[in-house]
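Have the picture open and follow along.

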Amino acid sequence: MPHLVLEYSGNIREAIDPADVLGKLHAALTDAGGFRHQDFKSRAVRMDRYFIGDGSYEQSFVNLDIRTFAGKSAEVRAAVSEAALAVLIEVFATSLRETACDISVQITDLDRTSYARSRSADHQIPRAA
């Protein structure tokens, strides 16, 4: 934990490398939120089917959803959001200049009691001696 889901419109100006952007986010959020680097599970999704506003002029978007277990203080949550936003503003600077771009960050709390997972280590087949 946390899970990062980065969605962005297909008309952004940058030719981004998702691994690079997500790596920058991991580094910033490790510092801001006290997360362990190895616990991030992140993905980036380019959205080629979207409609913004009334469609009368070129608009673009970047949205980051940070999904993590509840329990972080309001101050830590604000620091995490601001750190992530700073990274995204830097990465998508051309889109901010050349389109009507909206960059947003949200933190979604996951409920521990309803969160389930399984890991590879839980399913290892013992090797024959």
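Predicted model: local features only at pLDDT ≥ 70, side-chain atom pairs only at ≥ 80, totals over all residues.

Residues are numbered from 1 along each chain as its sequence is written, and side-chain values use heavy atoms, leaving out hydrogens and water.

**The sheet**
- Four strands make an open sheet with mixed pairing, in the order S2-S1-S3-S4; strands (E, at least two residues) and helices (H or I, at least four) are DSSP runs, numbered from the N terminus.
- S2 (41-47) and S4 (100-110) are the edge strands, each pairing on one side only; to pair, two strands need at least two DSSP bridges between them.
- S1 (residues 3-9) and S3 (residues 59-69) pair in the antiparallel sense over six bridges, and His3 has Arg67 in S3 as its bridge partner.

**The two helices**
- The axes of H1 (residues 18-33) and H2 (residues 74-91) come within 9 Å and cross at roughly 155°; axes are lines fitted to C-alpha atoms, for helices over the stretch in contact, and angles run from 0 to 180 degrees between N-to-C directions.
- H1 and H2 are therefore roughly antiparallel (angles over 145 degrees count as that).

**Helices on the sheet**
- H1 lies across S1, S2 and S3, at about 135° to S1; contact means heavy atoms within 4.5 Å.
- H2 lies across S1, S3 and S4, at about 145° to S4.

Terms used. Parallel < 35°, antiparallel > 145°, perpendicular 65-115°, else oblique.
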